[in-house]
Amino acid sequence: MSVTTTELAIAAVALAAVSLLLFVLAIRRLLSRQAEVTVTMLRRYDERLGTFAQTLSDAIAAFQAPPALATPALEDDPEPMMRTLELARERTRADGAIALVTGGTGTPIVATVGLSESETNHIARMGFPDYRGARAIEVAFAGDLPAPDGSPPVRGGLVVPLLDEGDAQSLLGVLTREKGRHFSEEDVDSLDGVVRVARSPVTRALNLREPDVVPEIDVLTNLLDRQSFAAVLEREIVRARLAGHPLSLLVVDVDRLTTLNARLGLTGADSVLLELAKRLQGAIHHLDYTFRLGGGRFAVLRPGSEAPQARELFEIVCADLVGNPIVQGEVVSLSAGIAELVTRDDATSFGARADAALQQAKADGRGTIVLDTGREPTRETLVLHAATGDATRRG
């Protein structure tokens, strides 16, 4: 009886041990399964989180990145140089831009947006940097250059080559008026991107593949340009003296062009200059030559005309500006200087006399014309009234 009881006790203990072992194994399997499920869930979460992060990063990059350069816009643009400056300024968030090129003739070609005349002249006089293999050069300024009205001075810039080295010495620069700003590698990349797209159309527009050919037409107005001015002036002086005919030179400048640029923007101001060129062309005699000398400055060379006839042309154009404003509500006025050819003149002195007369007119006030006939210069002021559409003269 006792043996049977002992055996039963041993069997019960063994059964309990087996049950405990099975319970432990079940618990371990359950825990292992939960761990696998947890690991799988975490892996899927990580994958989804990574996908979301990449999508968010791509979206932010796409939002911050500038739009792709539109090659056809530059290829077909009649003024690729100016469009290049606009793109360079936009893509680097700069305040101004400058392009400087010296072609086969050795005459520098300068184009700018957002810069004063003093700033342009100072940067142009700096010449072309020695890149020494660098992609770009950052420059700094002391902040003492006269800036456009209401603007802080230029503080820094970033310069890269604009054209191929074999075509011409060149640079494309962007300028900032923000104190302490430094241009980044992204800015260099952006400027490189502009250059890659602009190089071919700008080269063709400047006719640099044929360095012996002097450009004759201003790309904005289709008038004769500054580079052809001296040659035409010399030729017409010779013709006037051989024929015994008078010759007059009218130099006109748009008053407050910087203000117009600020109010209307670059495109709007260019539209004003283009319309003014058309009106000059519509008022001249078929023997006259009309030039755009740069910025808002124009010249009309009048074979067979004396100074009073040149003044009449100026009055006609001014009256047209009053009666038919180029921009509604915006007064566009002109100042002018006139020189009449005299015996002692050559091309240089003749042009200088007209320019000096213009400078005197600008000093005397808007709408002033100064005539230099080789005797005592005379001054007249055309006072424009945009509201009433009339013009009065005071001497």
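Helices α7 and α8 are oblique to each other, given that angles under 35 degrees count as roughly parallel, over 145 as roughly antiparallel, 65 to 115 as roughly perpendicular and the rest as oblique. This is a predicted model: local features need pLDDT of at least 70, side-chain atom pairs 80 or more, while totals for chains, interfaces and linings use all residues. Numbering starts from 1 along each chain as its sequence is written, and side-chain values use heavy atoms, without hydrogens or water.

Back to the pair. α7 spans residues 257-283 and α8 residues 307-323; helices are DSSP runs of H or I, at least four residues, numbered from the N terminus. Their axes come within 10 Å and cross at roughly 135°. Axes are lines fitted to C-alpha atoms over the stretch in contact, with angles from 0 to 180 degrees between N-to-C directions.

Who meets whom? From α7, Leu276, Arg279, Leu280 and Ala283; from α8, Leu313, Ile316, Val317, Asp320 and Leu321. Contact means heavy atoms within 4.5 Å.

Arg279 also forms a salt bridge with Glu275, closest N and O atoms 3.0 Å apart. The rule: a Lys or Arg side-chain nitrogen within 4 Å of an Asp or Glu carboxyl oxygen.

Key
Helices (H or I, at least four residues) and strands (E, at least two) are DSSP runs, numbered from the N terminus.
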